[in-house]
Amino acid sequence: MAGTAAVVAIGIATGTASAQAQAPGPAGTAAGTTVTNTAQASYSVNGVQQSATSNAVNFVVDRKVNLTVTANQPANTPVSIGQTAAVTTFKVTNNTNGTQDFLLSPTQLPIQNLFAGDNFDVENIKIFVDSNGNGTYDAGVDTATYINELGADQSAIVFIVADIPNNQANVLAGVTLIVQVAAGGDAAAQGLPLAVSVGANNDTVVDVVFADNDSDGLGLDVALNGQGRASLGYEITTRNVALTVAKSQLVLSDPINLAIAPKAIPGAVVQYCLIVNNGTVGTPASNVTLSDVIPANTTYVANSISIGALALGQTCLLTGIVGGVPLADDGTITVPVLNFTGSYNGNTKTVNATIPTLLGGTSVAATFRVTIN
């Protein structure tokens, strides 16, 4: 009798997947990862095991775009009137399953900030990204104005830096950082804003899907728009500082005794010392200007202005002054780095000294000389 063939076992489907990326983190499998799948069938013919393999099917993992924007400080930034380069700090986290650029912009519209009592806008507002990861704004170091190539599940610190107007009526200024996702992939350039993919899924293309579900219910930020935002305030807590000026005098020489126990006789040289002190620690005083009209019956000693020494105490006589930079009467000499200046006006017989910034808890001394007529 002729032999017969019979299938005695039916096929069992199996699958395999190959990923071209590391194990996924919280953001999920990296966008662009290729997932491959095949099926296996096993059977027997006349007791002999056989097998068959299906064709492979592939798809790439699409980009699930998400982000988180939060304030990176516990409260509003306390500022003083007229303060420059005041800083608020934010944190941007890339929850996308891929590397992203992020575009940064500020808004000060009260309805955007939702701060009760918001009654002024800051000036010269700028945005910078922390470049060295220290979490502190470093002028001249943190210069990037957008987030470039932020990896999945990574965060970046962003600073809004602004000046506070010199207005006594100011109380609170709210600022909001708006972050927009942008295309990554170019370490040297700012990516363009992303747009969601439309139409049916394409297995060979990395489609873009917005997954940010951060609607505020007010229409300011809606879900699935590729944006995130957070708000902070500049709160004026200091309206003045404890600034004092102490003046002292010292007879340096006279025509008879010279510098040994000199007396205040005609022809004697007298040095005046002005010590300006900012007693409010942590709050600088800006554009401090000292003016002193030389007294009657004296003559100003040309080019005798000196400024910039740190003073200890209230008088030059008791504490002395170490250092100080001699200045020209015409105001053409400036103390390096500190930018202190001084000048003498012969018409008004006035000595002037300017200190651009006097830090809280510090003192600066200025001196000049006259002769007794």
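**Figure 1. Lining of the largest cavity in the predicted model.** L274, L290, S291, D292, I305, V351, N352, A353, A366, T367 and F368 line the largest cavity; on a 1 Å grid over the protein atoms alone, a cavity is a set of points where a 1.4 Å probe fits but cannot get out, and lining residues have an atom within 4 Å of a point. Two or more of these residues come from each of β18 (285-293), β23 (350-358) and β24 (362-372). By class, the lining holds seven nonpolar, three polar and one charged residue, where Ala, Val, Leu, Ile, Met, Phe, Trp, Tyr, Cys and Pro count as nonpolar, Asp, Glu, Lys and Arg as charged, and the others, Gly among them, as polar. The volume of this cavity is about 50 Å³, taken as the space filled by probe spheres set on the grid points, which are joined across faces, edges and corners. The model is predicted, so that local features need pLDDT of at least 70 and side-chain atom pairs count only at pLDDT 80 or more, whereas totals for chains, interfaces and linings use all residues. Residues are numbered from 1 along each chain as its sequence is written, and side-chain values use heavy atoms, with hydrogens and water left out.

**Figure 2. The largest pocket.** Of its 17 lining residues, I81, G82, P284, A285 and S286 lie nearest the centre. Strand β18 contributes the most to the lining, with three residues. Six of the lining residues are nonpolar, 10 are polar and one is charged.

**Figure 3. The second largest pocket.** A volume of about 180 Å³ belongs to the second largest pocket. Its lining consists of S80, I81, G82, Q83, T84, A85, P284, S286, T357 and L359. Four of these residues are nonpolar and six are polar, with no charged residues.

**Figure 4. The largest nonpolar core.** This core comprises 33 residues, and L104, V122, I147, I164, L177, V179 and Y234 have the most contacts inside it. Strand β13 (residues 172-183) gives the most to the core, with five residues. A nonpolar core is a set of buried Ala, Val, Leu, Ile, Met, Phe, Trp, Tyr and Cys residues joined through side-chain atoms within 4.5 Å, buried being under 20% relative accessible area with a 1.4 Å probe, protein chains only.

Key
Buried means under 20% relative accessible area, exposed over 50%, partly exposed in between (1.4 Å probe, protein chains only). Helices (H or I, at least four residues) and strands (E, at least two) are DSSP runs, numbered from the N terminus. On a 1 Å grid over the protein atoms alone, a cavity is a set of points where a 1.4 Å probe fits but cannot get out, and a pocket is an open set with protein on both sides within 12 Å along at least five of seven lines; lining residues have an atom within 4 Å of a point.
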